[in-house]
Amino acid sequence: MEKWKCPICGKEVVEGQRFAQIGENYAHIECIRKIIAEKKESIPLDLEASLDTLEATLYALIRTKEALKYSVKRDVKEVLEKHLSILEDQALILSLVVEGELRDHGII
Ligand SMILES: [Zn+2]
């Protein structure tokens, strides 16, 4: 994985952390939550819904990557690889929704 710096905290974004692609950058989910809290009294509902689902998807993605490392049988690995691919596609779509929500609410 290439090295990226989170535009919010300036620290490196590394594999195993939960992060979202925001424009050209990758930002930590915790940092995104921090800027939302700084700019909004309460989190807009669609932003919360998409961010929460993205977080859950990223968690599943990290766990599936780990499971792939210790799975043994070829057919099990194939199912996990397919699942990982679906999760990656969904994480990208959800990141785009989160980014749109952040822009719509003037947070970024
Ligand atoms: Zn950060």
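**Figure 1. Overall fold of the protein chain.** The protein chain holds three helices and four strands, where helices (H or I, at least four residues) and strands (E, at least two) are DSSP runs numbered from the N terminus. The model is predicted: local features need pLDDT of at least 70, side-chain atom pairs count only at pLDDT 80 or more, and totals for chains, interfaces and linings use all residues. Residues are numbered from 1 along each chain as its sequence is written. Along the sequence the pattern is β-β-β-β-α-α-α. The C-alpha atoms fill a box of roughly 50 × 25 × 20 Å along the principal axes.

**Figure 2. The largest nonpolar core.** Such a core is a set of buried Ala, Val, Leu, Ile, Met, Phe, Trp, Tyr and Cys residues joined through C-beta atoms within 7 Å; buried means that 20 or more other C-beta atoms, placed from the backbone, lie within 10 Å of the residue's own. Among its 15 residues, Ala 20, Ala 27, Ile 32, Leu 47, Leu 51, Leu 54 and Val 98 touch the most other members. Strand E3 (19-22) and helices H1 (29-39), H2 (45-70) and H3 (74-104) each supply at least two residues of this core.

**Figure 3. Surroundings of Ala 27.** Beyond its neighbours within four places in sequence, Ala 27 is in contact (C-beta atoms, placed from the backbone, within 7 Å) with Cys 6, Pro 7, Ile 8, Phe 19, Ala 20, Ile 22 and Ile 32.

**Figure 4. Helix H3 and its end.** The buried residues of H3 are Ala 91, Leu 94, Ser 95, Val 98, Glu 101 and Leu 102, and they pack against E3 and H2. Just after H3, Gly 106 takes a positive phi of about 65°.

Note on methods
A residue is buried if 20 or more other C-beta atoms lie within 10 Å of its own, exposed if 12 or fewer, and partly exposed in between; C-beta atoms are placed from the backbone. Two residues are in contact if their C-beta atoms, placed from the backbone, lie within 7 Å.
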